[in-house]
Amino acid sequence: LPDLVAVTPSAGWSFYLDRLDGSEQWETFLLDELVPHIRKQTGSTAGPLVVGGISVGALAALRIAFRRPELVATVAEVEPTLEAATRPDEVPLRDRVHMPDAIRRRLYGDPVDGDYWLANHPLALVGGNAPAIAAARTAIYLECGDNDQFHVQYGAELLHRHLFDAG
């Protein structure tokens, strides 16, 4: 591997998401402030990013890679906390284990704003950005067992299907 810098902020239950109410802007902070700051501090180039994570970090990595594929060369995620639904009112009860309703409302509004939820869901981002993701030749590594205690295997499999269908 070439020289690299690995960074992860402690973000609590933020899901590394820009909140609907604007009170926390995690994704914006990561891409627009933290990455440039780290590059300046370390003298690294403006080359493509490798993003990844486990669980909530994996969900954030997917969101970043699929929303801004021109910035990301590789996304690697393990057991992303991805809900197996394409609309918030279709999220199966089994997929709500990893995100209590109080957290969901804090992130997406109370009541949950369906448009905002969709705008931040990796499945929708794949659907809307598939040509850009393909053009960027983003390398994608997705891993999840088939018996995850939080049932995230269903969302991972649905994402795999969407990616496969999108080419």
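Reader: Is R105 buried, partly exposed or exposed?
Author: R105 counts as partly exposed, because its relative accessibility is 35%. Buried means under 20% relative accessible area, exposed over 50%, and partly exposed in between, with a 1.4 Å probe and protein chains only. This is a predicted model, in which local features need pLDDT of at least 70 and side-chain atom pairs count only at pLDDT 80 or more, while totals for chains, interfaces and linings use all residues. Residues are numbered from 1 along each chain as its sequence is written, and side-chain values use heavy atoms, with hydrogens and water left out.

Reader: Which helix holds R105?
Author: R105 lies in helix α3, residues 101–108. Helices (H or I, at least four residues) and strands (E, at least two) are DSSP runs, numbered from the N terminus.

Reader: Turning to pockets, how much space lies in the largest one?
Author: The largest pocket holds about 1000 Å³ of space. Its lining has 32 residues, and those closest to the centre are V5, A6, V7, L49 and V50. On a 1 Å grid over the protein atoms alone, a pocket is an open set of points with protein on both sides within 12 Å along at least five of seven lines, whereas a cavity is a set of points where a 1.4 Å probe fits but cannot get out; lining residues have an atom within 4 Å of a point. Grid points are joined across faces, edges and corners, and a volume is the space filled by probe spheres set on the points.

Reader: Which element gives the largest share of that lining?
Author: Helix α1 does, with seven residues.

Reader: And how do the lining residues of the largest pocket divide by class?
Author: There are 22 nonpolar, eight polar and two charged residues. Ala, Val, Leu, Ile, Met, Phe, Trp, Tyr, Cys and Pro count as nonpolar, Asp, Glu, Lys and Arg as charged, and the others, Gly among them, as polar.

Reader: What about the second largest pocket: what is its volume?
Author: Its volume is about 240 Å³. The second largest pocket is lined by 13 residues, with I133, T138, I140, L163 and G167 nearest its centre. Helix α5 gives the most to this lining, four residues.

Reader: How many cavities of 30 Å³ or more does a search of the whole structure find?
Author: The search finds one. The largest cavity has a volume of about 70 Å³, and its lining includes L59, R63, Y108 and P122.

Reader: Which residues does L159 touch?
Author: Leaving out residues up to four places away in sequence, L159 touches L62, F66, L82, L123, V126 and L142. Contact here means heavy atoms within 4.5 Å.

Reader: On to the backbone. Which peptide bond is cis, with omega near 5 degrees?
Author: The bond from D110 to P111 is cis, and P111 is in the loop between α3 and α4.

Reader: Where is S55 found?
Author: S55 is in the loop between β1 and α2. Although S55 is not a glycine, it has a positive phi of about 65 degrees. E79, also not a glycine, has a positive phi of about 50 degrees and is found in the loop between β2 and α3.

Reader: Last topic: how many salt bridges does the structure hold?
Author: It holds 13 salt bridges. A salt bridge is a side-chain nitrogen of Lys or Arg within 4 Å of a carboxyl oxygen of Asp or Glu. D32 forms one with R68, the closest N and O atoms being 3.7 Å apart.

Reader: Which parts does the pair of D32 and R68 tie together?
Author: D32 lies in helix α1 and R68 in the loop between α2 and β2, so the pair ties together parts that are 36 residues apart in sequence.

Reader: How far apart in helix α6 are R161 and D165?
Author: They are four residues apart, so about one helical turn separates them. Their side chains meet in a salt bridge at 3.8 Å, N to O. R161 is partly exposed at 38% relative accessibility, whereas D165 is exposed, with a relative accessible area of 56%.
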